[in-house]
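Here is a short briefing to read beside the coordinates. Have the viewer open and follow along.

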Amino acid sequence: MDLIPQNTQFPIFCFGDKRITVKKDKLLNELRPTVYHLELEEPRFGLPETVIVKQQKHGREAEFCNEITAYKRLRILQGTVIPTLFGRGSFNGLPALILSEVEGITLRDLAKVVEPSFQEKALETQLEKAFQELHKYGAEHYDLNLGNFLFCNNGQVVVIDLEEVEFPDRQQAWERSVNLGCVSNLMSRFRDVRYPRRAPSPVVCWRSCTGDDDDKSGSEAPGSCYSMGLVSRGGIMKPGFVTL
């Protein structure tokens, strides 16, 4: 992914209450103006030479706090299924999460550049492994933007956005879970981008609750008896299983 240099002459980065000098700061994606790649002048306070900072979005304090909670509850998955959270801080005056850098390409970008020989089944398998791990630790992911998932150099998938991860009191079995449906949904979205002229998926099952979604929607039914559909959760329409 191309990095976009910033014009800020003196970026202000704090890890907790400790000021750290930034050698270079770059915006990762114009569509995500709150996520930056920082190259630090020297590793300090347990941080590596490069980190990712994710600023709190304007008016989105609840999502910011929810993501912190998700990282803490999924601590065992940090460094494998999700990035490592080093802690909280601030960047240019805004609260921010300080995260590990993960080398990979978003599923959206992968769909645009992948070779014809690319085996989609391998991607689907890795997505399923990632969502199985989330499911194992009681998490459900509700933001199926292709930009929220990285296909890494080691062939694994890493989930890089946890703002809309929830931990329900009661969880469905994997075979009937939201997480399993997410795998089919993401693969359908991936194919919609990879093959823009293909017929739309027969069941449209997802609408982003945040308005941040810039993917072409699509879905596939994860089984013969159930399909992903919109269900009401606290007055907000989110994905869930509905009987066909």
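**Lysine 54 and its surroundings**

Leaving aside residues up to four places away in sequence, lysine 54 is in contact (heavy atoms within 4.5 Å) with Thr34, Val35, Phe64, Glu67, Pro95, Ala96, Leu97, Leu99, Ile160, Asp161 and Glu163. This is a predicted model, in which local features need pLDDT of at least 70, side-chain atom pairs count only at pLDDT 80 or more, and totals for chains, interfaces and linings use all residues. Residues are numbered from 1 along each chain as its sequence is written, and side-chain values use heavy atoms, with hydrogens and water left out.

**Lysine 54 in detail**

- Lysine 54 sits in strand S6, residues 50-55; strands (E, at least two residues) and helices (H or I, at least four) are DSSP runs, numbered from the N terminus.
- With a relative accessible area of 6%, lysine 54 is buried; buried means under 20%, exposed over 50%, and partly exposed in between, using a 1.4 Å probe and protein chains only.
- The side chain of lysine 54 has a polar contact of 3.0 Å with the side chain of glutamate 67 and another, of 3.1 Å, with the side chain of aspartate 161.
- A polar contact here is a pair of N or O atoms within 3.5 Å; within protein, one must be able to donate a hydrogen and the other to accept it, and residues adjacent in sequence count only if both atoms are side-chain atoms.

**Strand S6 and its partners**

- Of the 6 residues in S6, 5 are buried.
- S6 runs antiparallel to strand S5 (residues 32-40), joined by 5 bridges, and antiparallel to S8, joined by 4 bridges; strands pair if DSSP finds at least two bridges between them.
- Valine 51 in S6 is the bridge partner of leucine 38, while isoleucine 52 has leucine 99 in S8 as its bridge partner.

**Helix H1**

- Glu63, Phe64, Glu67, Ile68, Ala70 and Tyr71 are the buried residues of H1.
- Those buried residues fall within an arc of 160° seen down the axis of H1, so they line one face of the helix; the arc is taken from the directions from the helix axis to the C-beta atoms.
- They pack against S6, strand S7 (85-91), strand S8 (94-99) and strand S13 (165-166).
- On the other side of H1, Glu61, Ala62, Lys72 and Arg73 are exposed.

**Cysteines**

- The structure holds 0 disulfides, a disulfide being a pair of cysteine sulfur atoms within 2.5 Å.
- Cysteine 65 is partly exposed at 34% relative accessible area, whereas cysteine 182 is buried at 0%.
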